[in-house]
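Here is a short briefing on one protein chain. Have the structure open while you read.

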Amino acid sequence: MNYLSVENIAKSYGELQLFNNISFGINEGQKVGFIAKNGTGKTSLLNILAGTDSPDEGKVVYRKDIKVAFLGQEPNLDPNLTVEETIFSSENDILKIISRYEKALKDPNDAEAYQKAFEEMDAVQAWDFETQYKQILFKLKLEDLDKEVKYLSGGQKKRLALAVMLLQKPDFIIMDEPTNHLDLDMIEWLEEYFKKENFTIFMVTHDRYFLERVCNEIVELDHGQLYTYKGNYSYYLDKKESRVEQEQTNTEKAKQLYKKELDWMRRQPKARTTKSKSRIEDFHDIKSRAQQRRNDHEVQLEIHMERLGSKMVELHNISKSYEEKELLKNFNYSFKKGERIGIIGKNGTGKSTFLNILTGAIQPDSGKVVIGETIKFGYYTQAGIEVKPGQKVIEVIREFGDYIPLKKGRQISAQQLLERFLFDRKKQYDFVEKLSGGEKKRLYLCTVLIQNPNFLILDEPTNDLDIVTLNVLENFLLDFPGCLLVVSHDRYFMDKIVDHLFVFKGEAEVQDFPGNYSDYRNYEESSSAEAKTENKEPEGKKEWKKTSSGSKLSYNEQKEFGKLEKEIAKLEKEKKKLQEKFLLDLDPEEIKKNSIALQEIEDKIEKKTGRWFELGAKAE
């Protein structure tokens, strides 16, 4: 069933043409990831699909009987409503029934209102939906239902908008960077939710694990052309590589033919036959194909780094609290040369506070920070670049100098540096306020790196960056010889970049874990499984007679219960080995093969764990 048809749409802003003559369709059940470079019209296309903007040409046609929901980067919420009022103002009729039931519960003296609300709940079987509604709020940490929207942080607003969208139960969802402002637990929960729920999805996201695990189709806008890949992210990587190779081969062939036809054109007399005229027309077509060039820039980041001395950064008994909330308590650490540390933890556990203490932006309540004489921080914050009215892109860079030092005594001009960051000469004279969100992030990243830091701190650097820029940034960071500290919710990025983690667990507990994010998740899952096994074993021994005599579990079920524990543990080990393979430099075919195998193992684990819980509950 077709949900959406996009027919020959075009969009320009002044002389800048984002896309032209774009057509595609989306059918029921498709989960489509949209990929394009920053500044090429991703957000503009989403806004056109959502109806908040219109194309210059062409049209967008939706099936009449479907419900469409849009999650933009900037949520459109009424600032004067509370969290609860915002949720219950949704168009979902079941939510309105739940709202009346919740109000009736608060007034136990009005038995008639309660009875009516109860009967309404029963009539539409709203009980399961109420459970799901409360689970969504819990998972997205929206428990303070009486707080007004205007007092929420940017991240809380985005999570509230996400909750409202999910609770509307739309047929078709359009999302712009849905994982921004979600912590890692929330992202993984949302992945599972989208895999299970029957939504049709069109989304832009830089989260490559999210694309891999949620999407069943990738659409790429590349040099003004749309390309569709009927598979997940690893399938897209494989097929795109084949496509680019084929295009390069065709271009080379066209160049050879062009040379031959050019020679013929030069030898032709003025009077030509009809056959010659046809060949002349063909010549112009060949010329166009021969001159095609894949303008795939890559950011080249070989910035010169200041020398590191023997003394780096030392934290001695650092403590910090805000009111009654303790974030750090007697924290000690001495950074070493070349360390690559990732920081993870739920929102509000003190990650940004830790970075600000490290860089001197705020002072600890007690303890001290000792910084070596040669240390030069480069701090990329979530606040981003400060846009000055009327300032051009080139002027932002020239504030740091006209020339930038590179390795081996070389230097480049500010203009050349910007070109390496994918800003061509024309773009360099654009006003900064006209840049897309991703382009501003890229410019800000450039201003941090050109100051030659040897201790680089990145707070959510992947937000709003396109996948092309992310790949290049990752390659640069892998070669960065200084100390690196990264806060990120991008699991793919963290797995590739960091060697060990600071895990902020809340209540001033910070765990130093020797491994990357996937290693940590595997460790947590193994520990959790072991804890369950340890708790079950004594209970099983103690209740053995009761179980066998009371026949809650049959003999065969008892055997199955014990066997399942061993099988789940074995599958967890297989899963860990497969996840470790993703850290290697794999070709797209291997990525695809391992992704399929990993999905099969995860499905088996889920099925066997469900059965294990079922038998466990029966034995109680």
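Predicted model: local features only at pLDDT ≥ 70, side-chain atom pairs only at ≥ 80, totals over all residues.

From H3, the residues Ile97, Ile98, Arg100, Tyr101, Ala104 and Leu105 meet Ala113, Tyr114, Ala117, Phe118, Glu120 and Met121 of H4. Sorted by class, the contact of H3 with H4 has 10 nonpolar residues, two charged and no polar.

**Helix pair H3 and H4**

- Two packed helices are described by the angle between their axes and the distance between the axes.
- H3 spans residues 93-106, and H4 spans residues 111-123.
- They pack at an angle of about 150 degrees.
- Their axes are 9 Å apart.
- The crossing of H3 and H4 is left-handed.

**Chain as a whole**

- The chain holds 20 helices and 20 strands.
- Of its 620 residues, 46% are buried.
- Consider the contacts in the chain with a separation of 6 or more: 68% of them join residues 24 or more positions apart.

**Nonpolar cores**

- In soluble globular proteins, nonpolar side chains tend to be buried together.
- The largest nonpolar core has 51 residues.
- Ile87, Leu140, Leu166 and Phe194 touch the most other members of this core.
- Helix H6, residues 154-167, gives the most to this core, with eight residues.
- What does Leu140 touch, not counting residues up to four places away in sequence? The list is Arg159, Leu162, Ala163, Leu182, Met186 and Trp189.

**Phe431 in its loop**

- Phe431 sits in the loop between helix H13 (414-420) and helix H14 (437-449).
- Is Phe431 buried, exposed or partly exposed? Phe431 counts as partly exposed because its relative accessibility is 33%, and that class lies between the 20% and 50% cut-offs.
- Not counting residues up to four places away in sequence, Phe431 touches Gly390, Gln391 and Lys392.
- Phe431 and Ile394 are 37 residues apart along the chain, and their C-alpha atoms are separated by 9.2 Å.

Methods: Residues numbered from 1 in each chain as written. Heavy atoms only, no water. Axes fitted to C-alpha atoms, helices over the stretch in contact; angles between N-to-C directions. Helix = DSSP H or I, 4+ residues; strand = E, 2+ residues; numbered from the N terminus. Left-handed = near helix turned anticlockwise from the far one by under 90°. Contact = heavy atoms within 4.5 Å. Nonpolar A, V, L, I, M, F, W, Y, C, P; charged D, E, K, R; others polar. Buried < 20%, exposed > 50% of the residue type's maximum accessible area, 1.4 Å probe, protein only. Core = buried A, V, L, I, M, F, W, Y, C linked by side-chain atoms within 4.5 Å.
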